[in-house]
Amino acid sequence: RRRRAEGLSRVALVASVGDREARIAFRYADGSELVLRFPGFARGVRRGGDLLAVPDRATFEAIRALSQ
């Protein structure tokens with residue numbers, strides 16, 4: 001919401017799934033990204049288990065800055 005208010009709308013949503021993890025990235029007009037990784041994605045989906053979303057370092061720092 002903050003990026004949208006600043007005129008930095010999302011220009012791309014990129015998702016990828018591999019053997020070990022999935023990754024989803026939101027790319028913005030200023031070139032920045034917010035990235036979440038899902039380790040063990042394929043196994044979790046196959047077994048019906050919980051999925052864990054882990055932000056990359058830059059995304060974690062952005063979330064932390066907003067929460068302060």
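Helices are DSSP runs of H or I with at least four residues, numbered from the N terminus. In this predicted model, helix α3 covers residues 57-67 and holds both Arg 64 and Glu 61, three residues apart, about one turn of the helix. The side chains of Arg 64 and Glu 61 meet in a salt bridge, 3.5 Å from N to O. Arg 64 has 41% relative accessibility and counts as partly exposed; Glu 61 is also partly exposed, with a relative accessible area of 32%.

**Confidence**

The mean pLDDT of the chain is 82, and 90% of its residues reach 70 or more. Where pLDDT is low, the predicted coordinates should not be read in detail.

**Strands**

Strand β2 (residues 21-28) runs antiparallel to strand β3 (residues 33-39), and seven bridges join them. The two strands form a hairpin with four residues between them, and Gly 31 in the turn has a positive phi of about 90°. Within this pairing, Arg 23 stands opposite Arg 37 in β3. Strand β3 is also joined to strand β4 (residues 54-55), by two bridges and in antiparallel fashion. There, Leu 36 stands opposite Pro 55 in β4.

**Salt bridges**

The structure holds four salt bridges.

| Pair | Closest N and O atoms |
|---|---|
| Glu 21 and Arg 37 | 2.9 Å |
| Arg 23 and Glu 33 | 3.9 Å |

Glu 21 forms a salt bridge with Arg 37. This pair links distant parts of the chain, with Glu 21 in strand β2 and Arg 37 in strand β3, 16 residues apart. Glu 21 has a relative accessible area of 28% and is therefore partly exposed; Arg 37, at 29% relative accessibility, counts as partly exposed.

Arg 23 forms a salt bridge with Glu 33. This pair, too, links distant parts of the chain: Arg 23 lies in strand β2 and Glu 33 in strand β3, 10 residues apart. Arg 23 counts as partly exposed at 29% relative accessibility, and Glu 33 is partly exposed with a relative accessible area of 28%. A network of salt bridges links Arg 23, Arg 27 and Glu 33.

**Aromatic rings**

A search of the whole structure finds one aromatic pair. Phe 38 and Phe 41 form this pair, with 6.4 Å centre to centre and 65° between the planes, an edge-to-face arrangement. Phe 41 is partly exposed because its relative accessibility is 23%, and buried would mean under 20%.

Technical notes
Residues are numbered from 1 along each chain as its sequence is written. This is a predicted model: local features need pLDDT of at least 70, side-chain atom pairs count only at pLDDT 80 or more; totals for chains, interfaces and linings use all residues. Side-chain values use heavy atoms; hydrogens and water are left out. Two strands pair if DSSP finds at least two bridges between them. pLDDT is the predictor's confidence in each residue, from 0 to 100. Rings of Phe, Tyr and Trp (its six-membered ring) pair if their centres lie within 6.5 Å; planes under 30 degrees apart count as stacked, over 60 as edge-to-face and the rest as tilted. Buried means under 20% relative accessible area, exposed over 50%, partly exposed in between (1.4 Å probe, protein chains only).
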